[in-house]
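Here is a short briefing on one protein model. Please look at the sequence and the structure before reading the points that follow.

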Amino acid sequence: SRMTQGEIAGTLNGILTQLRQSDQAVRRGNLLRIQGGADQRSKEHNAVMYGQGCPWNEDGNCSTPDYPTSGTAGVFALSLMFMESVETVLETYGGPEDKWIDTFGKPRDVAAADAVASTITYDGSRDSLLDSDKAVHFVLQGFSGDIFKGYGLVLGVLADEMSDLLGSVHFELRLLFGVYIALLLFWFFFLLFRRTI
C-alpha cells in the first residue's frame, strides 16, 4: 500500500467509528438526522438483526472457523464481533495511536505517496498471519462473508419497507389530488349553474 501504517490504522479507526454511528442511527435513531430507529418500527429488521440463525446464508451454515458461534444470534451479535475484531487488529498492528491519521477520502499529495513506496512488492512472509491471527482473518473474511451478507439483507429489508411506504404515500397523494380536483370541478359547475339560473 502507498499508505503508511499510521494512515492505514487511522483510516480503519475512522471507518469503524462511522460504522458504529451508522449502525446506532439505523437501529435506534436520534443520530445522523434519523428520528426513529428500525428497532421500534420493523419486525423484519429485528428478525434479521436479533433473531436466531443466519437467513443471509442460503446453506444455513451460521459459523465461521474463527468464531464458531458467529451468526447464531443475528447480524447484531455478528457486527459486535466484527467491530471487536477490528479493534483487536488496530491494537495489535496499528502502531502508536498518536501516529494514526485518517486520510480516507481526502486528497493526497502524490509526492508524499511516492515517498512511501516507489514499488510495491509482495511479502509472502505475512501470509502466515492470516492463518494464525483469527481477528485478522475474521475482519478480512467479513468483507465478503457473513457480515457483508447480513448487512446486505438488512439493507434489503429496509429498502423494501421504504418502497412500500413511499408507494402508499404516493397513492394517498394521488387520492388527495383527485378529491381536490373533484371538489374544484363541483364548486366551479355549481357556481356556474347558480349564476346562469
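Asp 23 touches Met 49, Phe 76, Met 83 and Tyr 151, leaving out residues up to four places away in sequence; contact here means heavy atoms within 4.5 Å. The model is predicted, so local features need pLDDT of at least 70 and side-chain atom pairs count only at pLDDT 80 or more, while totals for chains, interfaces and linings use all residues. Residues are numbered from 1 along each chain as its sequence is written, and side-chain values use heavy atoms, with hydrogens and water left out.

**Asp 23**

- Asp 23 is found in helix α1; helices (H or I, at least four residues) and strands (E, at least two) are DSSP runs, numbered from the N terminus.
- Asp 23 counts as buried, at 10% relative accessibility; buried means under 20% relative accessible area, exposed over 50%, and partly exposed in between, with a 1.4 Å probe and protein chains only.
- The side chain of Asp 23 makes a polar contact with the side chain of Tyr 151, at 3.3 Å.
- A polar contact is a pair of N or O atoms within 3.5 Å; within protein, one must be able to donate a hydrogen and the other to accept it, and residues adjacent in sequence count only if both atoms are side-chain atoms.

**Overall make-up**

- The protein has seven helices and zero strands.
- Of its 197 residues, 29% are buried.
- Among contacts with a separation of 6 or more, 62% join residues 24 or more positions apart.

**The largest nonpolar core**

- This core has 24 residues, of which Val 75, Leu 78, Phe 82 and Val 86 touch the most other members; a nonpolar core is a set of buried Ala, Val, Leu, Ile, Met, Phe, Trp, Tyr and Cys residues joined through side-chain atoms within 4.5 Å.
- At least two residues of the core come from each of α1, α2, α3, α6 (134–142) and α7.
- Helix α3 supplies the largest share, eight residues.
- Apart from neighbours within four places in sequence, Phe 82 is in contact with Leu 19, Phe 138, Val 139, Gly 142, Phe 143 and Ile 147.

**Helix α2**

- His 45, Val 48 and Met 49 are buried in α2, which spans residues 43–50.
- Seen down the axis of α2, these buried residues fall within an arc of 95 degrees, so they line one face of the helix; the arc is that of the directions from the helix axis to the C-beta atoms.
- The cover over the buried residues of α2 includes α1 (5–28), α3 (74–93) and α7 (146–196).
- At the start of α2, a side-chain oxygen of Ser 42 comes to within 3.0 Å of the backbone nitrogen of His 45.

**Helix α6**

- Ala 135, Val 136, Phe 138, Val 139 and Gly 142 are the buried residues of α6.
- Seen down the axis of α6, they fall within an arc of 165 degrees, so they line one face of the helix.
- These buried residues pack against α3, α5 (127–132) and α7.
- The N-terminal end of α6 is capped by Asp 133, with a side-chain oxygen 3.0 Å from the backbone nitrogen of Ala 135.

**Phe 104**

- Phe 104 is found in the loop between α3 and α4 (110–116).
- Phe 104 is exposed, with a relative accessible area of 57%.
- Not counting residues up to four places away in sequence, Phe 104 touches Thr 11 and Ile 15.
- Phe 104 and Gly 10 are 94 residues apart in sequence, and 8.6 Å apart in space from C-alpha to C-alpha.
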